[in-house]
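This briefing covers confidence, cores, the interface and backbone geometry. The sequence and coordinates come first.

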Amino acid sequence: MLIELHNLKPKYMSELEVSGSDIYLQPTVKFERGRKYMVCARSGHGKTSLLNFIYGSNNAYDGAVLFHDDDSTPLERRRRKLSYLFQDLRLFPELTALENVQIKNNLTGYKSMAQIEAMLDQVLSPEKKHQPVATLSLGQRQRVAAVRALCQPFEFLLMDEPFSHLDLESSQAVAALVLSEVESQGAGLIVTALDPIGLFPFDVTLNL
Amino acid sequence: MLKRLQRKTLIPTQIAGYAATLLVGAAIVMLACQLYADLRPLLTQQTDVFRGHAITLSKNVGALQSLNKRGIYFTEREIEELERQPFVAQVARFTSSGFHTKASINFAGQGLYTDLFFEGVPDRYIDVRSEEWRWDSTSNFIPVIIPEDYLSLYNFGFAESQSLPVISKGTVEQVSFTIDLDGNGRHRSFRSRIVGFSGKINTILAPEEFLEWANREFGSAATNPPSRLLVELADASDERIPRFMEEHNYSIKQDELESSKMVFFFRAAMAFLLTVALIIIALSVAFIVMSLNVIVQKNHDLFCNLYAIGYSPQQMARFYRRTVGIITVADMVAATTIALILRSLYVGKLSTVFTLEGSVWPIVIAAAVLTAALIGIYNYIILKTIRGTVEP
């Protein structure tokens, strides 16, 4: 799959605000499967909007978002082609860490229970798996959300400021897990960040 | 897991409220449908207790008509006009006897006799069912039906005031008497007995076939045109009927108008009951729809997050569809049971007076139609509400 953006601009941002962007209002921007992209920008410059436009959860944009070799509906795409680690995590506070991952995996049936537990064990202390997410710290939740994002087949993984609440050690653990899954699926990676991050071997860095 | 998340979103008091109002509304709807189906045959049959849709029509007798009798007869033109009216299904004439009739009885060694007349109408208008009500030209027996009013007049009027014993219908039906027919220079005697009492036709009835035969044997060539008609109404509650009767100076037996009114009131009462029940059901539907809306609004984040990780609106709707569906079906089963119990109560009471032949199908059909309609509405609304909330 190839993602192509044409003259993309959020409807709620002026041309002045997006001037100088490597992505917004550019005639063509391509994201190719198998490559890793970092998108850097200060806050309020439309990083989350960009990922939401690609993911199909926000349609308030001018221009076009095209998927080559893919005619699936946005919902089908979410289950098989695109995975997304949301900045606001979108976990279910009343479910445990394990259940939050399972609820996604039940939909895709992509990982076995043992695989899920092993992934959680890599990033979280074992006793936290069975605690309701509401009782976990923000950093712990971010790790749970990262594991959840890996429980499905994808051609692109979108990560919105994935390490914003993590210390270096935790970030490295998450990055290693993500990288191995992205490599094994031969997927593309699009990561947004406030400042450049060195945890992934990025092919392309774009400023928004 | 999805079910566990969604179960917490339900508001038990609102669901209980829905279940209770739907139960009441549905039970009334089913009972109204069943009651209508059970009692309708009684209202539409010719021989029913409410006198059905056949009325006896005569002309009003004024001072002039008592001298000039022509005015009390119906002309062919008038009958044809009557037949043309949209509210008239059929018109039947009274056959009268064109010969001299005398009834006699031997009572305590003394012969009593009286002059008599007979009239005949088609059998289907007669509200008396008797095995003996038939004429056989080879037999020597004439069955007779007299108005119930005659017996009432004697029992409650004459016997009461003269301290005489009252007589039951059974007693009267056991008394045989002799009928002598004279005319055309011929004479013949018959045995006769009263075989029934009509609450509907105010005359002394003999079988129509007998009268036709007797008129040929004993009657003079010229017979009078009919002075009374039996009119079968297409719709007894048609408001043009009283106007037409008044314009043409025709008189209808009051009872018969009353029965038409009764049919009308019965229908109106049923319609009212059904309307009230349907309003209750509509309120219960509005109640659960509002409750579902509140659930979706209150749990906006839950639905949006589920959608964000790939759950479709259909998958999210499934739990609510199933929950509301199960409650609705359980409610309908309970309402059907209640309606059936109430029906058995009223059937128990009414069957002492009427014969109710209806089945319980109306309750079952009403329940099935209502359940299907409600579940269809809910399935549509639940999906629409969820979709409206999660889709960008």
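Two residues are in contact if their C-beta atoms, placed from the backbone, lie within 7 Å. By that criterion, 17 residues of chain A are in contact with 12 residues of chain B. This is a predicted model, in which local features need pLDDT of at least 70, side-chain atom pairs count only at pLDDT 80 or more, and totals for chains, interfaces and linings use all residues. Residues are numbered from 1 along each chain as its sequence is written, while chains are lettered from A and ligands numbered from 1 in the order in which they are written.

**Interface, side of chain A**
- On the side of chain A that touches chain B, α2 and α3 of chain A each supply at least two residues.
- The most comes from α3(A), with 6 residues.
- By class, this side has 6 nonpolar, 5 polar and 6 charged residues. Ala, Val, Leu, Ile, Met, Phe, Trp, Tyr, Cys and Pro count as nonpolar, Asp, Glu, Lys and Arg as charged, and the others, Gly among them, as polar.

**Confidence**
- Among the elements of chain A, the lowest mean pLDDT, 90, belongs to helix α2 (residues 74–80), and the highest, 97, to strand β6 (residues 156–160).

**Chain B overall**
- Chain B contains 11 helices and 11 strands.
- Of its 392 residues, 28% are buried. Buried stands for 20 or more other C-beta atoms within 10 Å of a residue's own, exposed for 12 or fewer, and partly exposed for values in between.
- Among contacts in chain B with a separation of 6 or more, 81% join residues 24 or more positions apart.

**Nonpolar cores**
- A nonpolar core is a set of buried Ala, Val, Leu, Ile, Met, Phe, Trp, Tyr and Cys residues joined through C-beta atoms within 7 Å.
- In the largest core, of 96 residues, A:Leu157, A:Leu158, B:Val29 and B:Met30 touch the most other members.
- Helix α2 (residues 12–44) of chain B gives this core its largest share, 11 residues.
- A second, separate core of 26 residues includes B:Leu57 and B:Leu211.

**Positive phi**
- Most residues other than glycine have a negative phi.
- A:Asn7, in strand β1 (residues 2–10) of chain A, has phi near 45 degrees.
- A:Leu89, in the loop between β5 (82–85) and α3 (97–108) of chain A, has phi of about 65 degrees.

Key. Helices (H or I, at least four residues) and strands (E, at least two) are DSSP runs, numbered from the N terminus. pLDDT is the predictor's confidence in each residue, from 0 to 100.
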